[in-house]
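Subject: Structure handover

Hello,

Here is the structure I said I would pass on. My notes on it follow below.

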Amino acid sequence: MNSRTPDIALDAEQDAARLWFESLRDRICAEFEAIEREAGSDAAFDYTAWDRADPSGEPGGGGVRGVMKGRVFEKVGVNVSTVGGTFEGPFAKTIHGAGDDPRFVATGISLVAHMANPHVPAVHMNTRFLTTTKRWFGGGADLNPPLPIAEDTADFHARLKAACDAHDPDHYPRFKAWADEYFYIPHRQVHRGVGGIFYDHLEGDFDGHFAFTRDVGEAFLDVFPRIVRRRMGLSFTEADRAQMLAWRGRYAEFNLVYDRGTLFGLKTGGNIDAILMSLPPLATWE
């Protein structure tokens, strides 16, 4: 089951965003399954629908968690959710536009892929549309290779830059710097990966910001599968895999300690398995 009809009222903009995120999920999952077929695997996504209970007692929306474990994708999760209701307590004051009115609606897609081959980078992508007394888009994508390859990093950034430049020449330098700042692990004094873009609170022009958010999704769907196909057949050593497992530990630390999306999901009563699907299947700490 990869679709779920929301049990909360949505206006036209919210529903348009929801339908786009769901359609992007379907195309990404189909492409990832195609890569598995090319590798001789019959792995497919397993979809689980979930419902959210709002603290008010009213319907709170929900989502669908999709997870695949295959030969190329050791573990990949692609989640979509559309939730709404009221933020509880002081958490409301931390959300843009919710300080005086805790009601909200949020819809989005979130993806994390951990790869079997250390030469294939892990990746994260998330885009969302959130409504409080304000309404805005946010999201981005970032590459997380345990064994960085300059060509892959350059191609990933070039494709995101092209998506940004089509809308505003200031987007890429601004959102790349934001990603570099955000995806940093202070207690390790390292970045989580080789960066990408991160943006938030794009409001005031629904059509323009929605078009940009769609282009970010299209850029990801274009560039990441190309990188996977380029690297998935490379040989690797036990030392390479050991480095990947150690780097996955850093990834887990960031997501559990600093990631805003993890905190948002936990604070709004989201599905625990969907929230924590970003964690790798295996990791090591020395």
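Arg192 and Asp142 are both buried (buried is under 20% relative accessible area, exposed over 50%, and partly exposed in between, with a 1.4 Å probe and protein chains only). Their side chains meet in a salt bridge, with 2.9 Å from N to O. The term stands for a side-chain nitrogen of Lys or Arg within 4 Å of a carboxyl oxygen of Asp or Glu. Distant parts of the chain are linked by this pair: Arg192 sits in the loop between β8 and β9, Asp142 in strand β6 (residues 135-144), and 50 residues separate them. Helices (H or I, at least four residues) and strands (E, at least two) are DSSP runs, numbered from the N terminus.

Please keep in mind that this is a predicted model, where local features need pLDDT of at least 70 and side-chain atom pairs count only at pLDDT 80 or more, while totals for chains, interfaces and linings use all residues. Residues are numbered from 1 along each chain as its sequence is written, and side-chain values use heavy atoms, with hydrogens and water left out.

By the salt-bridge rule, the count comes to 25. Side chains of opposite charge can pair when their charged atoms come close. Two further pairs are described here.

Arg248 and Glu74 form a salt bridge through their side chains, at 2.9 Å from N to O. Arg248 belongs to helix α5 (residues 238-257) and Glu74 to strand β3 (residues 73-86), so the pair links parts of the chain that are 174 residues apart. Both Arg248 and Glu74 are buried.

The side chains of Arg231 and Glu151 also meet in a salt bridge, again with 2.9 Å from N to O. Since Arg231 lies in helix α4 (residues 206-231) and Glu151 in helix α2 (residues 150-165), the pair ties together parts 80 residues apart in sequence. Arg231 is buried, at 11% relative accessible area, whereas Glu151 is partly exposed, at 43%. A network of salt bridges links Glu151, Asp152, Asp155, Arg230 and Arg231.

The backbone has some points to look at as well. Most residues other than glycine have a negative phi. Gln189 has a positive phi, near 55 degrees; this residue is in the loop between β7 (184-185) and β8 (190-191) and is exposed, at 62% relative accessibility. His201 also has a positive phi, near 60 degrees. Strand β9 (residues 195-203) contains His201, which is partly exposed, with a relative accessible area of 34%.

Regards
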